[in-house]
Amino acid sequence: MMKVLIIDNVHPLVAERFSKQGWQCDFMLKESREEIISVIQNYDGLVLRSRIKIDEDFLNKAKNLKFIGRPGAGLENIDLEYCERNDIQVFRSPEGNRDAVAEHAVGMILMLLNNLKRADHEVRQGVWKREENRGYELMGKTIGIIGYGFMGKAFAQRLKGFGVNVIAHDKYEHNFTDEFAREITLEELKKEADIISLHLPQSEETIHYIDRSFIETCAKPFYLINTARGKSVNTTDLLDALDTGKILGACLDVLELESSSFEKMEGSNEVFQRLVASDKVVLSPHIAGWTHEAKYKLADFLVKKIFKVFA
Ligand SMILES: NC(=O)C1=CN([C@@H]2O[C@H](COP(=O)(O)OP(=O)(O)OC[C@H]3O[C@@H](n4cnc5c(N)ncnc54)[C@H](OP(=O)(O)O)[C@@H]3O)[C@@H](O)[C@H]2O)C=CC1
Ligand SMILES: O=C(O)C(=O)CO
């Protein structure tokens, strides 16, 4: 009988389906990393989101672990190389939250272009300013997607119907031009894009992907959307570019200040104060892939993938 440990709040269907399969399911939702490490050798499977880091120290103790499942897309909290070397299969389920992320990105950019945050606030205060809140349309704009995986593709698909020109760059995927996006190089994207949307995984090479040197090599001022990971953007460089007008506005679902558990924020430092003071920024607390539907779909896709191999 397979024994699985669940250490984060995931949709109950995960435990229901495992139990139906005759697998034992235990929960350690509040216990510390040390407490989890002390029992992990008893388990064949581990299901988690982002509460703890699954590094070499952890995995050295997980002598019987056969799989790790994350109902989600990003896997940066798991040492994937160790897992590969030691035959631990790692499953993710980006099919479950790609629609949510794509809709959120569209929602955020529409909110920014139409000044909806400020306009809503003003109307509530009894202020009726129409000229100051005149917006911009998506129609006719060139949208540059960086990272054309599950999230990038879903965003491109969702944009169909807005009358935009969608271009995409991916360092590792090629020949993907389709009815939704045209593949181009990063250099071309930097020349053409009016709006740049990041859909990159977090890795050594994507930390501070958007920084001063990136911004300075873009041909024209652009809007930035980041629904990927906060560390991909150097926030100070972004704020400076918002001041000089090199970046026209930013939609950030993820923040550099966010802690690795994704449920905490490191607090109110000077950079954060500058960010929240800016009228050119729309913010949300890492909820793009966090809809009610996504919670179910992430679990459903994940369990099906695990069963394909282990049931
Ligand atoms: N805000 C939220 O709620 C959510 C955020 N996310 C974030 O979105 C990220 C993307 O998810 P998903 O689309 O499923 O991931 P995928 O791996 O499917 O797609 C990312 C693509 O980017 C490519 N890539 C990697 N490095 C670079 C680079 N330096 N330059 C250009 N392209 C690169 C990848 O190539 P290769 O595969 O070869 O590495 C891959 O093709 C997740 O890792 C997560 O961080 C996801 C879901 C929800
Ligand atoms: O799926 C992911 O990686 C997310 O960030 C969702 O919260």
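Trainee: Which residues come nearest to ligand 1?

Mentor: Arg92, Met151, Asp170, Asp253 and Gly289 come nearest, out of 29 residues around ligand 1. Please keep in mind that this is a predicted model.

Trainee: How does that shell divide between nonpolar, polar and charged residues?

Mentor: The shell around ligand 1 holds 12 nonpolar, 10 polar and 7 charged residues.

Trainee: What lies 2.8 Å from a polar backbone atom of methionine 151?

Mentor: That is an oxygen atom of ligand 1. The backbone of threonine 227 also takes part, with an N or O atom 2.9 Å from a nitrogen atom of ligand 1. Arginine 229 uses its side chain, where a polar atom lies 3.3 Å from an oxygen atom of ligand 1.

Trainee: And how much of the accessible area of ligand 1 does the protein cover?

Mentor: On its own, ligand 1 has 920 Å² of accessible area, and the protein covers 86% of that.

Trainee: Let us turn to ligand 2. Which residues surround it?

Mentor: Ligand 2 is surrounded by Arg49, Arg70, Gly72, Ala73, Gly74, Asn97, Arg229 and His286. By class, 1 of these is nonpolar, 4 are polar and 3 are charged.

Trainee: Which atoms of the protein lie 2.7 Å from an oxygen atom of ligand 2?

Mentor: One is a backbone N or O atom of alanine 73. Another is a polar side-chain atom of histidine 286.

Trainee: What share of the area of ligand 2 does the protein cover?

Mentor: The protein covers 93% of the 230 Å² of accessible area that ligand 2 has on its own.

Trainee: You mentioned arginine 49. Which side chain has a polar atom 2.9 Å from its backbone oxygen?

Mentor: That is the side chain of asparagine 77. A polar atom of the asparagine 77 side chain also lies 3.5 Å from the backbone oxygen of isoleucine 52. Asparagine 77 has its place in the loop between strand S4 (67-70) and helix H4 (80-85).

Trainee: Is asparagine 77 buried or exposed?

Mentor: Asparagine 77 counts as buried because its relative accessible area is 10%, and the class takes in values under 20%.

Trainee: New topic. How many cavities of 30 Å³ or more are there?

Mentor: The count comes to 1. About 40 Å³ of space lies in the largest cavity. Its lining consists of Gly230, Val233, Thr235, Leu238, Leu252, Val254, Leu255 and Glu256, which divide into 5 nonpolar, 2 polar and 1 charged.

Trainee: Now the backbone. Where is asparagine 115, and what is its phi?

Mentor: Asparagine 115 is found in the loop between helix H5 (98-113) and helix H6 (116-124). Its phi is near 55°, a positive value in a residue other than glycine.

Trainee: Is asparagine 175 buried or exposed?

Mentor: Asparagine 175 counts as exposed because its relative accessibility is 73%, and the cut-off for that class is over 50%.

Trainee: What about glycine 149 and lysine 280, where are they?

Mentor: Glycine 149 sits in the loop between strand S6 (142-146) and helix H7 (150-159). With a relative accessible area of 28%, glycine 149 is partly exposed. Lysine 280 belongs to the loop between helix H11 (270-277) and strand S12 (281-283), and at 35% relative accessibility it is partly exposed.

Trainee: How far apart in space are glycine 149 and histidine 199?

Mentor: Their C-alpha atoms are 7.5 Å apart, while 50 residues separate them in sequence. For lysine 280 and leucine 113, the C-alpha distance is 9.5 Å and the separation in sequence is 167 residues.

Trainee: And histidine 11 with glycine 249, how far apart are their C-alpha atoms?

Mentor: Those C-alpha atoms are separated by 35 Å, and the residues are 238 apart along the chain. Histidine 11 lies in the loop between strand S1 (3-6) and helix H1 (13-20).

Notes
Residues numbered from 1 in each chain as written. Chains lettered and ligands numbered in written order. Predicted model: local features only at pLDDT ≥ 70, side-chain atom pairs only at ≥ 80, totals over all residues. Heavy atoms only, no water. Near = heavy atom within 4 Å. Polar contact = N/O pair within 3.5 Å; in protein donor to acceptor, adjacent residues only side chain to side chain. Areas by Shrake-Rupley, 256 points an atom, 1.4 Å probe, with all protein chains shown as cover. Nonpolar A, V, L, I, M, F, W, Y, C, P; charged D, E, K, R; others polar. 1 Å grid on protein atoms, 1.4 Å probe; cavity = no way out; pocket = protein on both sides within 12 Å on 5 of 7 lines; lining within 4 Å. Points joined across faces, edges and corners; volume = space filled by probe spheres on them. Helix = DSSP H or I, 4+ residues; strand = E, 2+ residues; numbered from the N terminus. Buried < 20%, exposed > 50% of the residue type's maximum accessible area, 1.4 Å probe, protein only.
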